[in-house]
Amino acid sequence: MEIKAAGNFLAIRSEDPGKYYLNGGFIIQWNGNYKLAGTVFQYDRKGDLEKLMAPGPTNESVWIQVILKRRELLTTLPLNPPTRNPTSSRT
């Protein structure tokens, strides 16, 4: 989530540097839900502010990138680590 409008864009790509799921490859997509990597990413953009969320888990690695249009990078990326399965028998 951006904390101040910077005019940059968030992008999601696969391990393959040429395969973008969201933004990238000179294409900027609209707000919406994007199914990829086994989950749904919710992408919201209002003006120059963006938010990207996903409940997870993912079933493949994805790269979150920032496409810089300006020198300022005012983005926070809070990541939630995986939680233990409460029904697991492992201790």
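What share of the contacts in the protein chain between residues at least 6 apart in sequence join residues at least 24 apart? And where is Asn23 found, and is Asn23 buried or exposed?

A: This is a predicted model, in which local features need pLDDT of at least 70, side-chain atom pairs count only at pLDDT 80 or more, and totals for chains, interfaces and linings use all residues. Residues are numbered from 1 along each chain as its sequence is written, and side-chain values use heavy atoms, with hydrogens and water left out.

With contact meaning heavy atoms within 4.5 Å, the share is 49%. The protein chain has zero helices and six strands; helices (H or I, at least four residues) and strands (E, at least two) are DSSP runs, numbered from the N terminus.

Asn23 sits in the loop between strand E2 (20-22) and strand E3 (32-36). Asn23 counts as buried because its relative accessibility is 1%; buried means under 20% relative accessible area, exposed over 50%, and partly exposed in between (1.4 Å probe, protein chains only). Of the chain's 91 residues, 25% count as buried.

The side chain of Asn23 makes a polar contact of 3.1 Å with the side chain of Tyr43. Such a contact is a pair of N or O atoms within 3.5 Å; within protein, one must be able to donate a hydrogen and the other to accept it, and residues adjacent in sequence count only if both atoms are side-chain atoms. A polar atom of the Asn23 side chain also lies 2.6 Å from the backbone oxygen of Leu10. Setting aside neighbours within four places in sequence, Asn23 is in contact with Phe9, Leu10, Ala11, Ile28, Gln29, Tyr43, Glu50 and Ile67.
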